[in-house]
Amino acid sequence: MSGWLGWFIAGISTVGFISLWFWEVRRVLRNFRSTVESAAGQLITYRKRLAQSQQDAALQEVLRRSESIYQQAAEHYNTTLCKPWAYLPGRLLGFRKEPEDVPIPPAA
């Protein structure tokens with residue numbers, strides 16, 4: 001019976017470890033993806049403002065910074081997703097790479 005108990009404890013420990021691993025990867029990737037989505041929304045907003053304005057130089061500078069922020073956020077997210085400890089759980093949980101190029105806003 002002690003052999004059975006040892007296997008049971010090993011099974012519970014393994015399931016617990018894998019659950020915590022997936023939970024942590026999900027938490028980290030959700031935070032990074034949230035940052036990417038926020039940066040994309042901000043970028044689209046500034047693009048719309050620039051399209052409505054008279055090519056304001058200050059607004060163009062803000063747009064350039066927003067593009068840079070989006071690219072950096074997407075790069076950090078993609079780098080984290082491709083790390084060995086996060087790749088398998090991330091893919092199984094449905095996380096996919098984000099495009100690092102700047103998104104085009106939908107037609108309004």
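**Legends to the close-up views**

View 1. Tyrosine 87 is partly exposed, with a relative accessible area of 41% (buried means under 20%, exposed over 50% and partly exposed in between, with a 1.4 Å probe and protein chains only). The model is predicted: local features need pLDDT of at least 70 and side-chain atom pairs count only at pLDDT 80 or more, while totals for chains, interfaces and linings use all residues. Residues are numbered from 1 along each chain as its sequence is written, and side-chain values use heavy atoms, with hydrogens and water left out. Helix H3 (residues 84-92) holds tyrosine 87; helices are DSSP runs of H or I with at least four residues, strands are runs of E with at least two, and both are numbered from the N terminus. Not counting residues up to four places away in sequence, tyrosine 87 touches Leu81 and Cys82, where contact means heavy atoms within 4.5 Å. Valine 25 is 62 residues apart from tyrosine 87 along the chain, and 8.8 Å separates their C-alpha atoms.

**View 2. Serine 66 in helix H2.** Serine 66 belongs to helix H2. The residue is buried, and its relative accessible area is 3%. Gln42, Leu43 and Tyr46 are touched by serine 66, when residues up to four places away in sequence are not counted.

**View 3. The largest nonpolar core.** This core has 17 residues, of which Leu29, Val36, Leu63, Tyr70, Tyr77, Leu81 and Phe95 touch the most other members. Helix H1 (2-52) and helix H2 (57-81) are the elements that give two or more residues to this core. H1 supplies the largest share, eight residues. A nonpolar core is a set of buried Ala, Val, Leu, Ile, Met, Phe, Trp, Tyr and Cys residues joined through side-chain atoms within 4.5 Å. Leucine 29 is in contact with Tyr77, Thr80, Leu81, Ala86, Gly90 and Phe95, leaving aside its neighbours within four places in sequence.

**View 4. The whole chain, for orientation.** The chain has three helices and zero strands. Its radius of gyration is 21 Å, well over the 13 Å that the globule rule gives for 108 residues, so the chain is more spread out than a compact globule. The radius is taken over C-alpha atoms, and the rule is 2.2 Å times the number of residues to the power 0.38. Along the principal axes, the C-alpha atoms fill a box of roughly 80 × 25 × 15 Å. Of the 108 residues, 25% are buried.
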